[in-house]
Amino acid sequence: MRVKAETCREQEALQLALATNDPLESRRKVAAAAAKAWGIEAIQAEKREAGHLSPRDKLDAEITLEFAEETDADIAQDGN
């Protein structure tokens, strides 16, 4: 499942706040890394939402179509 850019940006902001305000240094480091990861995912989500398809997106669509066709064939074969 792909996460929407808006959700990614919300999580990025939340993690940035934790990276700034958490009293423990180790948790600040983890939150900073998480914020960076969410930011990267947000960029990818924004590209997807703008209609730019990556090879992975195309492959995912092909796999989904293949599963749907298999399901349709199974239903037709079972007569349901």
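**Helix pair and salt bridges**

Student: Is Arg-48 buried or exposed?
Tutor: Arg-48 has a relative accessible area of 19%. Buried means under 20%, exposed over 50% and partly exposed in between, with a 1.4 Å probe and protein chains only. So Arg-48 is buried.

Student: What kind of model is this?
Tutor: Residues are numbered from 1 along each chain as its sequence is written, and side-chain values use heavy atoms, with hydrogens and water left out. Local features need pLDDT of at least 70, side-chain atom pairs count only at pLDDT 80 or more, and totals for chains, interfaces and linings use all residues; the model is predicted.

Student: Which residue meets Arg-48 in a salt bridge?
Tutor: A salt bridge needs a side-chain nitrogen of Lys or Arg within 4 Å of a carboxyl oxygen of Asp or Glu. For Arg-48 the N to O distance is 3.6 Å.

Student: How many salt bridges does the structure hold?
Tutor: Another joins Lys-29 and Glu-25, at 3.5 Å from N to O. The total is five.

Student: Which residues are linked in a network of salt bridges?
Tutor: Start in helix 1, where Arg-9 and Glu-12 lie three residues apart, about one turn. Their closest N and O atoms are 2.8 Å apart. Arg-9 is partly exposed at 32%, whereas Glu-12 is buried at 18%. The linked residues are Arg-9, Glu-12 and Glu-46.

Student: How do helix 1 and helix 2 run, roughly parallel or roughly antiparallel?
Tutor: Helix 1 (residues 5–21) packs on helix 2 (residues 25–49) at about 165 degrees, with axes 8 Å apart. Axes are lines fitted to C-alpha atoms, for helices over the stretch in contact, and angles run from 0 to 180 degrees between N-to-C directions. Under 35 degrees counts as roughly parallel, over 145 as roughly antiparallel, 65 to 115 as roughly perpendicular, and the rest as oblique. Helix 1 and helix 2 are therefore roughly antiparallel.

Student: How many nonpolar residues does the contact of helix 1 with helix 2 have?
Tutor: Nonpolar covers Ala, Val, Leu, Ile, Met, Phe, Trp, Tyr, Cys and Pro; charged covers Asp, Glu, Lys and Arg; the others, Gly among them, are polar. The contact has six charged and four polar residues. Its nonpolar residues number 13.

Student: Which residues does Gln-15 contact, leaving aside neighbours within four places in sequence?
Tutor: Gln-15 lies in helix 1 and is buried, at 15%. Contact means heavy atoms within 4.5 Å. By that rule, its contacts are Ala-31, Ala-34, Ala-35 and Trp-38.

Student: Which residues does Ala-45 contact, with the neighbours within four places left aside?
Tutor: Ala-45 sits in helix 2. Its relative accessibility is 1%, so Ala-45 counts as buried. Its contacts are Val-3, Lys-4 and Ala-5.

Student: How far apart in space are Ala-45 and Ala-76?
Tutor: In sequence, 31 residues separate Ala-45 and Ala-76. From C-alpha to C-alpha, the distance in space is 37 Å.

Conventions:
Helices (H or I, at least four residues) and strands (E, at least two) are DSSP runs, numbered from the N terminus.
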